[in-house]
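Dear colleague,

Please find below the structure that I am handing over to you. My notes on it follow directly after.

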Amino acid sequence: MSVDIWLSLASVIFVLGALTLTRIAPDAILMAALVFLIVTDVLTPQEALAGFANTGVMTIAALYVVAAGLRETGAVQWLANRLLGQPHTIKYAQLRMLLPVSGLSAFMNNTAIVAMFIPAIQEWSRRLSLSPSKLLLPLSYIAILGGTCTLIGTSTNLVVDGLLQSRQGVELGMFDLAWVGVPVLLLGGGFLILFADRLLPRRDSVVDQVSKAREYGVEFIVTPGGPLAGKSIAEAGLRSLQHGYLADIERQSYLMTAVPPETRLMEGDTLVFIGAPECASELRRVRGLTPASGDVRKLEIDHHQRCLVEAVVSRDFVGLGQTVRESRFRTRFQAVILSISRQGRRLPGKLGDIRLQTGDTLLMEAGEEFVEQYRYRRDFLLVSALNDSTPPDFRKAPLALGILVLMVGVSGLGLMSILEAVLLAGGGMLVGRCVTVSKARRTIDLSVLIVIAASFSLGAAMTQSGAAQSIAGLMVHADMSPLLALAMIYLLTVLFTEIITNNAAAVLMFPIAISVAERLDVSFMPFVIALMFAASASFMTPLGYQTNLMVMGPGGYRMLDYLRLGMPLSLIVGCTVVLLVPLFWHF
C-alpha cells in the first residue's frame, strides 16, 4: 500500500480514537485531522476544504434558522397542544405522540423537536397521571425514525446527499427516502407502542414519577438571628413541604438523621432537604433559611434577578471530568450548582468534589438571562421550560407554519432545489420577524457545521489515496451476495454511529460503501441509502444521538434501559432497511 493510504488510515484511526477515548471537542479533532492531511500532501487545500462549500452543509445551516423561527413563534407547541389530546392509557398516549413528533421531525431538526416536547409531555403526564418514563425515550426514538422519512429530516441525510452530488453527480428528491422511511417508522413505531410499556421501567408511582425522576438534595442554613432559630421543625412549617422533605440536620460536626417533628432548630444548623427541583424554589421563599452554598452569596447578581435553572451536561461541556471546584463553574457561567442528579438519583457528598459527567442534570441558581444565553450553547442541553421567561409570539405561528409548508411544497414538487427552498424559508423567517437576526445567529451551531465540513476531508482522503478500495477488498470478494455486503455496510455504520457522531460515521463509511459496490460491479445507490438509515439508527446508547441524551435526566433512565428497548428496535429497523432498499434501488 502507498504512503498516502497509510497516512489516510492513520488520520481515521486518530479521529476514531480521539472521539471515543478523549473529551476533546469533536470540531477540534476533525480540524486537526484536516490540517494533517493538508500538511502531509494527501490532499490539496482545495480538496480538504471542499466540505465547507458543500450544499448539504449549507442546507443544514439554513435549516437551523427555519427551526428557530418555528420555535420562537411557538408553532410546535401550538401544534402539539392540538394533536396530543387527552389519552388515558400509555399505549394510546404513545399513539397520539407518534403523529406530531414524527411528522415534525421529518422537516425539522430532531433536537429542537425533542427539546420542545419534553416539557409538554412532562406536563401532559402530570395532568393525566401517566408515567413520563414510558413516554420520553419513545419520544426520542420516534423523532429519529421520523427524520428518516425525508431528505431534510436529519443532517446525516443532507450530508450524504451532498456527497452524492459532489462525488457521483446524483441528487435525491425530498421524498425519495419515504419509500423505506415510512415503513421503518410504522414498524418501529408499532413496536414502541406494543412493547415500550413492558420494557421501560415504572420506578415510582405514576403521579410522583416526574418529580422523582430528577431527585435532588439541597442544603439550607438556619439564619443566625432569624425567625426560625428556637422553633421546632413542625412550628417552622418544614414538615408540610409540597415538593420535598427534611432528611437530615448537620449541627456542628454531628449528623442527625430521621429527625422527629419536635426537634428544635438552632442557629447555623445545616438542613438537608430531598425532593423535586421545585423544592429549592419553595425553600427560598421561607424566611430564615439561606442556601448553604457559599458560592450563592458570591454571585454578582441581584437577588430579585435570580432564578432556578435545570440543565443537562452535554458531551461538549468544557469542564467534563473535572470536579465542580476545578471547573470554576461559578466564575465561568455566573451560576451556582445547588444539587446534581445522575441517572435519576441525587448525588450525595460535597458538591465541590463531585466530578461532572455527560448526562448529569444540574439544579442551579443563576441570572434571569442564563437560559437565553446558554440555550443554544453546546455546554448544556436545557430541558426545563419552567424557567424560560421568554414567551413565544403565537401570533406569528401561522406565518412560520406557512413558510415551512411552502418550503416543503416547492422542493417536493421540484420547482427549486432543496438548498434554494431552505435558504428562502430562512430568509422568510427573518423578514417575517418570526425570529430576530441575533437569535438566528446564535441558533446556528458552528461546531456541528465544522465537524461535518471537516469530516469531508477524511472521506476524500480515503477515496483518493485508495484506502477505501483496500478496505472494500478486505470486506468482500467478487462472489459475495450484494445483499450480504449491504448488511455488512449497515452493521458497520451502526457500530460507528454508536461510538462516534452520526455525521462523521456517514462520511467515513461513504467511500467504503461506494468501493464495495464497485468491487461487486453493482449499483452504489442501495449501499448509500442503507448508509443513510444506518447512520441515524442510534437507539442502544444515550451518547450515540443527542436526543437520547436529552431525555436521560427527565426520564430517570439508566444505560440498561436504552439497551432493553433500543436493541430490538435496532434489529427491526436494520432488517427492514436491508430487505426494502433493494426493492426500490436495484443492485
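Of the contacts in the chain with a separation of 6 or more, 78% are between residues 24 or more positions apart. Please note that the model is a predicted one. The chain has 587 residues, of which 57% are buried, and it contains 26 helices and ten strands.

Ile 274 lies in strand β4, which spans residues 270-275. Between the C-alpha atoms of Ile 274 and Gly 244 there are 5.5 Å, although the two residues are 30 apart along the chain. Ile 274 has a relative accessibility of 5%, and therefore counts as buried. The second pair involves Ala 421, a residue of helix α17 (residues 418-431). Neighbours within four places in sequence aside, Ala 421 is in contact with Met 407, Val 410, Ser 411 and Met 416.

Among the strands, β9 (residues 361-367) deserves a note. Seven of its seven residues are buried, so strand β9 is largely enclosed by the rest of the structure. Strand β7, residues 335-342, runs antiparallel to β9 and is joined to it by six bridges. Within this pairing, Val 336 stands opposite Glu 365 of β9.

Among the helices, I draw your attention to α20 (residues 467-475), whose buried residues are Ala 467, Ala 468, Ala 472 and Met 475. These residues cover an arc of only 135° around the axis, and so they lie on the same side of α20. Which elements cover them? The cover over the buried residues of α20 includes helices α1 (3-21), α19 (446-465), α21 (482-499) and α22 (502-520).

Asp 521 is found in the loop between α22 and α23 (525-536). Although Asp 521 is not a glycine, its phi is positive, at about 60°. Asp 521 counts as exposed because its relative accessibility is 70%, and the cut-off for exposed is over 50%. Arg 328 is a further residue with a positive phi, about 50°, without being a glycine. Its place is the loop between β6 (306-313) and α14 (329-333). With a relative accessibility of 49%, Arg 328 counts as partly exposed.

Phe 584 belongs to helix α26, which covers residues 559-584. Is Phe 584 buried, partly exposed or exposed? Its relative accessible area is 36%, so Phe 584 is partly exposed.

With kind regards

Conventions: Residues numbered from 1 in each chain as written. Predicted model: local features only at pLDDT ≥ 70, side-chain atom pairs only at ≥ 80, totals over all residues. Heavy atoms only, no water. Helix = DSSP H or I, 4+ residues; strand = E, 2+ residues; numbered from the N terminus. Buried < 20%, exposed > 50% of the residue type's maximum accessible area, 1.4 Å probe, protein only. Arc of directions from axis to C-beta. Contact = heavy atoms within 4.5 Å. Pairing = 2+ DSSP bridges.
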